[in-house]
Amino acid sequence: MEPFDSFLIWIADFLGDHLYEGIFLAALLETIVPPIPTLAIFPTAGFLASQQGITLFGLIPMIILGAIGATIGTSAIYLIALKLGRVVLLRYLKYVKVNENKLERVEIWFEKYGDKAVFLGRMVPVMREMISIPAGLLKMKIPKFVTYTFAGSLVWSSGTILSGYYFGEAIGLSTSGITPLP
């Protein structure tokens, strides 16, 4: 079994035992370590919540914890971009194929759409993590950044968790019939 597959199985097991903490941790880590996909984890958590008999009211803390975790994680990236600045970031971003021209284009785009970019960017995979960099480099005000990040993360968290919750209920799936992989 591949290491990433083992990691995803571990995450699913962890979510089964620690649903609320797992959502927070996944959201926090996903914004800092992008290969952790909340697009897979949040719907899984919603599905597990439906199987554990958690009501819609019980999903509210999960949704909020997901948004808080994402806000904290992405704020760390924002602060790194804010404090380190363009020259230092370019030195490290070259490893993910980001050069001066690409960064300039992103900054121009960000200056045009700023607030909306942060809010809507929290709902687009990959952009979820990266939107913090131009926000930090262009010194978006911290309260404004946190507000738009939390609001966008709340929408993302709600949509993905609820999709898993309703999908599991709609097709009548049950975790009792799922057997562990060898």
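Mentor: This is a predicted model. Its largest nonpolar core has 20 residues, and those with the most contacts inside it include L15, L19, F42, A49, L59, M62 and I161.

Trainee: What makes this set a nonpolar core?

Mentor: The members must be buried residues of types such as Leu, Phe, Ala, Met and Ile, joined through side-chain atoms within 4.5 Å. L15, F42 and I161 are among the residues with the most contacts inside the core.

Trainee: Which helices supply at least two residues each?

Mentor: Helix 1 (3-17), helix 2 (19-32), helix 3 (38-51), helix 4 (56-93) and helix 8 (142-170) do. Helix 3 gives the most, with six residues.

Trainee: What does L19 touch?

Mentor: Not counting residues up to four places away in sequence, L19 touches A45, L48, A49, Q52, I54 and M62.

Trainee: Where is I80, and what does I80 contact beyond four places in sequence?

Mentor: I80 is in helix 4. Leaving aside neighbours within four places, I80 is in contact with G85 and L89.

Trainee: Why is I80 called partly exposed?

Mentor: Buried means under 20% relative accessible area and exposed means over 50%. I80 has 44%, which lies in between, so I80 is partly exposed.

Trainee: How many helices and strands does the protein chain have?

Mentor: The protein chain has eight helices and zero strands. Of its 182 residues, 39% count as buried.

Methods
Residues numbered from 1 in each chain as written. Predicted model: local features only at pLDDT ≥ 70, side-chain atom pairs only at ≥ 80, totals over all residues. Heavy atoms only, no water. Buried < 20%, exposed > 50% of the residue type's maximum accessible area, 1.4 Å probe, protein only. Contact = heavy atoms within 4.5 Å.
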